[in-house]
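Please find below a colleague's note on the structure shown here.

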Amino acid sequence: MNHFQENDTIVAIATPRGVGGIAVVRVSGVDALKIISEITRSDWKKNIESHKAKLTELYSPKDEIIDQALVLPLLGKTSYTGEDTVEIFCHGGSIVPQGVVSACVDYGA
C-alpha cells in the first residue's frame with residue numbers, strides 16, 4: 001500500500017549516515033520553499049536565487065537552533081527532478097542531520 005501522493009514534498013538525508021563532517025539533507029516538492037522558510041525563519045520565496053547558497057541558522061518548531069548550515073535552492077526546471085528542491089549542507093554525524101529531517105517533517109514534508 002502506497003501512502004505517498006504524487007505532489008508530496010519529501011525529505012531525506014542524501015549522504016552516508018554518521019560518516020562525514022558534513023551531511024546533505026534534500027527537501028523536494030511543491031512545499032520545499034515553504035518548509036525552508038519555516039526552518040530558517042526567513043522568506044525564501046522573496047529574493048530567492050536558484051543555485052546560490054546562503055549560510056543560515058536552522059530552527060526546530062520549538063524555536064531551538066538545530067544548526068548553522070548552507071542552504072542551496074534549486075528551483076523548478078533547473079533541478080534534477082524538475083521540481084523545487086533545496087539542499088541543506090549541515091554538520092555531519094547522525095544527530096544533526098536527523099534533527100533537520102525531523103524539523104522538515106514537522107513543517108510538512
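**Notes on the model**

1. The lining of the largest cavity comprises six nonpolar residues, six polar residues and one charged residue. In this classification Ala, Val, Leu, Ile, Met, Phe, Trp, Tyr, Cys and Pro count as nonpolar, Asp, Glu, Lys and Arg as charged, and the others, Gly among them, as polar. The lining has 13 residues, and Pro16, Gly18, Ala23, Gly93 and Pro97 lie nearest the centre of the cavity. The volume of this largest cavity is about 50 Å³, and the count of cavities of 30 Å³ or more comes to one. A cavity is a set of points on a 1 Å grid over the protein atoms alone where a 1.4 Å probe fits but cannot get out; a pocket is an open set with protein on both sides within 12 Å along at least five of seven lines; lining residues have an atom within 4 Å of a point. Grid points are joined across faces, edges and corners, and a volume is the space filled by probe spheres set on the points.

2. The model is predicted, so local features need pLDDT of at least 70 and side-chain atom pairs count only at pLDDT 80 or more, whereas totals for chains, interfaces and linings use all residues. Residues are numbered from 1 along each chain as its sequence is written, and side-chain values use heavy atoms, with hydrogens and water left out.

3. Strand β5 (residues 85–91) is largely enclosed by the rest of the structure, because five of its seven residues are buried. Buried means under 20% relative accessible area, exposed over 50%, and partly exposed in between (1.4 Å probe, protein chains only). Helices (H or I, at least four residues) and strands (E, at least two) are DSSP runs, numbered from the N terminus. Strand β2 (residues 22–28) runs antiparallel to β5 and is joined to it by seven bridges; Val27 has Val86 as its bridge partner in β5. Strand β4 (residues 65–74) is also antiparallel to β5, with five bridges, and Leu70 is partnered there by Phe89. Two strands are taken to pair if DSSP finds at least two bridges between them.

4. Strand β2 is itself mostly covered, with five of its seven residues buried. Four bridges join β2 to β1 in an antiparallel arrangement, in which Ile10 stands opposite Ser28 of β2.

5. Which residues have the most contacts inside the largest nonpolar core? They are Val27, Ile36, Ile39, Ile88, Cys90, Val100 and Cys104, in a core of 22 residues. At least two core residues come from each of β2, α1 (32–40), β4, β5 and α2 (95–106). Such a core is a set of buried Ala, Val, Leu, Ile, Met, Phe, Trp, Tyr and Cys residues joined through side-chain atoms within 4.5 Å. Cys104 is in contact (heavy atoms within 4.5 Å) with Val11, Val27, Ile35, Ile39, Ile88 and Ala109, leaving aside neighbours within four places in sequence.

6. Helix α1 is largely enclosed by the rest of the structure, since seven of its nine residues are buried. These are Ala32, Leu33, Ile35, Ile36, Ser37, Ile39 and Thr40, and the buried residues of α1 pack against β2, β3, β4, β5 and α2.

7. Leu58 belongs to strand β3 (residues 54–59) and counts as buried because its relative accessibility is 0%. Beyond residues up to four places away in sequence, Leu58 touches residues including Ile39, Ile66, Val71, Ile88 and Val100. The C-alpha atoms of Leu58 and Leu70 are 9.6 Å apart, with the two residues 12 apart in sequence.

8. The largest pocket has a volume of about 160 Å³. It is lined by 13 residues, of which Arg26, Val27, Ser28, Thr81 and Thr85 are the closest to its centre. Two or more lining residues come from each of β1 (10–13), β2 and β5. By class, the lining holds six nonpolar, four polar and three charged residues.

9. Arg41 counts as partly exposed because its relative accessibility is 37%, and His51 counts as partly exposed at 48%.
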